[in-house]
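Please look over the sequence and the model shown below before reading on. The report is meant to be read with both at hand.

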Amino acid sequence: MPTYQDTIRQYYPRLSPSFRRVADFLLDNYHEAAFMTATRLADRLEVDPATIVRFAQRLGYPGYPELLAEIRQMVRAEMQRSLAQVSAEAGSVDLVRSALSHERDNIERLITQLHDEDVERLTDALLRAKHIYTIGEGPDSYIAGLFAALLREAALPAQAVPVTIAEAARLIQDAIAEDVLIGISLLGLSPDVSNTLRIARRYGIYTVAIVGRPAAPPAQAAETVIACPSHALLSLSSYGSLLVFIAALSQTLVVRAPERLAEFNTKFQEIYNELSQNLPAEVRRVDISKVLGTGGGPAESPTTGAG
């Protein structure tokens with residue numbers, strides 16, 4: 001029998017922006033929504049309570065109470081399953097498979113919920129950018145660093161920046177209209193990221209929030225929001241779909257602008273060959289495009305023949 005989530009995904013492409021806002025919240029924050037009346041949910045999403053009722057009816061429910069009852073039933077069933085999966089009797093293999101199943105579900109939800117216009121705007125902005133800055137707090141800072149590294153491998157001018165007040169002020173002061181600022185916050189508990197995105201946006205910088213929940217504070221501060229579902233076993237949160245998204249986006253950018261990467265590899269190979277002139281022959285024969293995983297033919301080092 002289809003769940004309310006299945007129904008939302010079926011209708012999602014045809015929903016209005018206000019209905020999508022409700023749909024995003026119910027898909028990503030259903031544990032919280034299970035304890036919300038229509039009025040409280042409307043206040044949280046800053047929409048009219050009638051919008052919540054009409055949304056439920058759009059999905060085929062008589063009203064919001066019937067939709068809420070199904071959400072609560074699903075939350076109870078999920079908690080019971082999770083408790084069973086992490087019981088003392090559960091084996092490690094079963095737990096790993098259960099966690100992987102959660103990751104698969106998160107990725108499938110991410111694919112369904114991605115807004116085409118947001119992805120197009122983001123990729124276009126990254127390909128035009130003079131500078132790309134990624135920021136994150138705590139564990140998110142490592143993801144920001146990884147994302148910047150992936151973008152650099154796609155031959156884009158990216159760097160991870162610490163979110164200290166001084167660094168944020170310097171970034172905003174030096175940034176130009178073509179620059180992009182990306183904040184990463186899985187749980188949304190990133191006040192410095194939120195504040196930097198908010199002020200940078202006010203100064204005309206294109207801002208992006210990649211978050212675990214669309215209602216998270218960094219999402220409210222940015223122009224474009226990519227919400228990557230982060231549900232995991234019990235109370236844990238997962239970076240799985242977020243990591244998959246940044247990897248997929250990096251690959252997309254390479255496909256969109258292959259000439260940029262080709263030029264980058266050629267220049268990199270030239271510099272590598274020059275720097276390695278006095279090194280052993282096996283080092284000088286390295287094909288940088290293969291090392292970087294970007295394809296290409298054999299390297300043509302001007303000193304290879306000297307052996």
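## Basis and overall make-up

This is a predicted model, in which local features need pLDDT of at least 70 and side-chain atom pairs count only at pLDDT 80 or more, while totals for chains, interfaces and linings use all residues. Residues are numbered from 1 along each chain as its sequence is written, and side-chain values use heavy atoms, with hydrogens and water left out.

The protein chain holds 16 helices and 5 strands, where helices (H or I, at least four residues) and strands (E, at least two) are DSSP runs numbered from the N terminus. Of the 307 residues in the protein chain, 45% are buried; buried stands for under 20% relative accessible area, exposed for over 50%, and partly exposed for what lies in between, with a 1.4 Å probe and protein chains only. Among contacts (heavy atoms within 4.5 Å) between residues at least 6 apart in sequence, 66% join residues at least 24 apart.

## Nonpolar cores

In soluble globular proteins, nonpolar side chains tend to be buried together. A nonpolar core is here a set of buried Ala, Val, Leu, Ile, Met, Phe, Trp, Tyr and Cys residues joined through side-chain atoms within 4.5 Å. The largest such core has 32 residues, and those with the most contacts inside it are Tyr4, Ile8, Leu26, Phe55 and Leu67. Two or more residues each come from helix 1 (4-11), helix 2 (17-28), helix 3 (30-33), helix 4 (38-45), helix 5 (49-58) and helix 6 (64-85).

Leaving aside neighbours within four places in sequence, Tyr4 is in contact with Leu26, Tyr30, Tyr61, Leu67, Glu70, Ile71 and Met74. Apart from this core lies another, of 29 residues, which includes Leu151, Ala158, Val180 and Leu253.

## Packing around helix 13

Two packed helices are described by the angle between their axes and the distance between the axes. Axes are lines fitted to C-alpha atoms, for helices over the stretch in contact, and angles run from 0 to 180 degrees between N-to-C directions. Helix 9 (residues 139-153) and helix 13 have axes that come within 9 Å and cross at roughly 15 degrees, and the two helices are therefore roughly parallel to each other; angles under 35 degrees count as roughly parallel, over 145 as roughly antiparallel, 65 to 115 as roughly perpendicular and the rest as oblique. Their crossing is right-handed, a term for the near helix being turned clockwise from the far one by less than a right angle, with anticlockwise being left-handed. Helix 9 makes this contact through Ile143, Leu146, Phe147, Leu150 and Leu151, and helix 13 through Leu242, Leu243, Ile246, Ala247, Leu249, Ser250 and Leu253.

Helix 8 and helix 13 pack at an angle of about 60 degrees, with their axes 11 Å apart, and are therefore oblique to each other. This crossing, too, is right-handed. The residues in contact are Glu120, Leu122, Thr123, Asp124, Leu126 and Leu127 of helix 8 and Phe245, Leu249, Thr252, Leu253 and Arg256 of helix 13.

## Salt bridges

Side chains of opposite charge can pair when their charged atoms come close. With a salt bridge taken as a side-chain nitrogen of Lys or Arg within 4 Å of a carboxyl oxygen of Asp or Glu, the count comes to 8. Glu120 pairs with Arg256, the closest N and O atoms being 4.0 Å apart; Glu120 lies in helix 8 (residues 116-128) and Arg256 in helix 13 (residues 240-256), so the pair ties together parts that are 136 residues apart in sequence.

Arg256 also forms a salt bridge with Asp124, with the closest N and O atoms 2.7 Å apart, and this pair links helix 13 and helix 8 across 132 residues. Shared partners join Glu120, Asp124 and Arg256 into one network. Glu120 is partly exposed at 44% relative accessibility, as are Arg256 at 40% and Asp124 at 27%.

## Two loop residues

Glu46, although not a glycine, has a positive phi of about 60 degrees. Glu46 lies in the loop between helix 4 and helix 5 and is exposed, with a relative accessible area of 65%.

Ala155 likewise has a positive phi, of about 65 degrees, without being a glycine. Ala155 sits in the loop between helix 9 and strand 2 (158-160) and is buried, with a relative accessible area of 14%.
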